[in-house]
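Trainee: I'd like a close look at one helix in this model, with the ligand site as the way in. Please keep it brisk.

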Amino acid sequence: MTTKIGIIGSGGIAHSHARAYKRLPDVEMIAVADIVPGRAEAFAKEYDIPHFFTDYQQLLAMNDVEAVSICTYNQAHRQPAVDSLLAGKHVLIEKPLAAKLEDAVAMIKAAKQSGKMLHTGFWQRWQPEVQAAKRIVDSGALGDMYYAQMVGGRRRGIPGGSFLRPDMAGAGPIVDIGCYDLDTFMFLAGSPRPVSVSAIVSYQMGKTTPNVPGDWGHVPEDVDVEDFGAAFVRFDNGLALHFVTYWVAHSSGLGPSIFLGTKGGLQLSPKLALFRDEFGTMTNVEPQIPDHSEPNRMHHFVPQARIFVDAVRTGGPSPVDTHGILMAQLIMDGIFRSAAAGREVEVIMPTI
Ligand SMILES: NC(=O)c1ccc[n+]([C@@H]2O[C@H](COP(=O)([O-])OP(=O)(O)OC[C@H]3O[C@@H](n4cnc5c(N)ncnc54)[C@H](O)[C@@H]3O)[C@@H](O)[C@H]2O)c1
């Protein structure tokens, strides 16, 4: 028996989904939809998909389609996801779940109403280093965690296309790459509830920094979203998070990502390392992680597709917990509200 999949949005990242599904012997892609005329057809030809549409409703009308990958840009996540769930399809949606909190809430509500799975594409959760970090945290090796720092970005790496447009991407690095760090934080910390956020968001570098060798070739005048965000977040369990994300900064790196606990510190980047006192001395443990080349590890979209399809077959739940996703969405929303207000803001839990 094969699991039959549809793809909604056949732009850049949809190719990674299609290539991954192609590597699963028990999966068939049977339909693809994209609003740009001709785009779904070309995609269908490339991956041998029998049906293609410009209106995703026609794809959703196909009873054979059990599950969909939604690969539209962030501001076009909500409607296809809600419609897919209410049409009885399981959903693998590209990260971030949404650029806006209200969109995330609407999708989570639709999942609850339909009983179908809403699985956000946070593939990094299955990377060997994140899995190893999870085992270390869950073992209790850190003791009581009281502080975490998630810092990530690029000295110069401003993307182009839909990523720079508020009407398509919704926002810049906070929702584009910061969402991964927030999700990893939630995964490792057990999805604590944020209670307040104090943040700054900057729009200056992207618009003014000219291209130099090593740059990604952005056009400064096209940058219409933030390029930097920094936040201090408090949680209801006493944990605090310092979070920084950026597409551009005059720096070789703004510091490691690390969890601090009473018995140990776990550094996530630039390299996984566990710092403790053992044997009457300070010890540093560096877990040995397989490198990125196959067959040591497959392209990260393959395990993501496998995990999603396996969950579809059992009818869910998604192994990417919706609660953790919502907690990260609350932080992203708090960052923009705090930056606009110029002060710390309270985080209110929405009713789902
Ligand atoms: N997981 C990753 O590593 C990764 C990498 C890049 C992008 N992404 C995410 O993937 C998503 C898409 O990014 P992209 O780079 O592929 O963008 P893109 O702009 O290249 O592609 C989006 C596609 O969606 C189509 N589309 C928009 N609205 C539609 C609708 N209503 N119905 C059907 N098609 C519609 C567009 O025509 C376009 O072809 C974003 O959410 C982004 O954050 C994830």
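Where does the ligand lie, and which domains give residues to the shell around it?

Mentor: This is a predicted model; local features need pLDDT of at least 70, side-chain atom pairs need 80 or more, and totals for chains, interfaces and linings use all residues. Numbering starts from 1 along each chain as its sequence is written.

The ligand lies between domain 1 (3-124) and domain 2 (126-299 + 327-346), because both give residues to its shell. Those bounds come from an automatic or database assignment. The shell holds 25 residues, with Gly9, Gly11, Gly12, Ile13 and Glu94 the closest (C-beta, placed from the backbone, within 6 Å of the ligand). By class, 11 are nonpolar, nine polar and five charged (Ala, Val, Leu, Ile, Met, Phe, Trp, Tyr, Cys and Pro are nonpolar; Asp, Glu, Lys and Arg charged; the others, Gly among them, polar).

Now helix H4, residues 78-86 (a DSSP run of H or I, at least four residues; strands are E, at least two; both numbered from the N terminus). Its buried residues are Arg78, Pro80, Ala81, Val82, Ser84 and Leu85 (20 or more other C-beta atoms within 10 Å). Their cover includes strands S1 (3-8), S4 (67-70), S5 (90-93) and S6 (118-120), plus helices H3 (56-60) and H5 (101-114).

Take H5. The H4 and H5 axes come within 9 Å and cross at roughly 5 degrees (lines fitted to C-alpha atoms over the stretch in contact, angles 0 to 180 degrees between N-to-C directions). That makes H4 roughly parallel to H5 (under 35 degrees). Arg78, Ala81, Val82, Leu85 and Leu86 of H4 meet Asp103, Ala106, Met107, Ala110, Ala111 and Ser114 of H5 (C-beta atoms within 7 Å). This contact has eight nonpolar, one polar and two charged residues. After H4 comes Gly88, with a positive phi near 90 degrees.

How values were computed: A residue is buried if 20 or more other C-beta atoms lie within 10 Å of its own, exposed if 12 or fewer, and partly exposed in between; C-beta atoms are placed from the backbone. Two residues are in contact if their C-beta atoms, placed from the backbone, lie within 7 Å. Angles under 35 degrees count as roughly parallel, over 145 as roughly antiparallel, 65 to 115 as roughly perpendicular and the rest as oblique.
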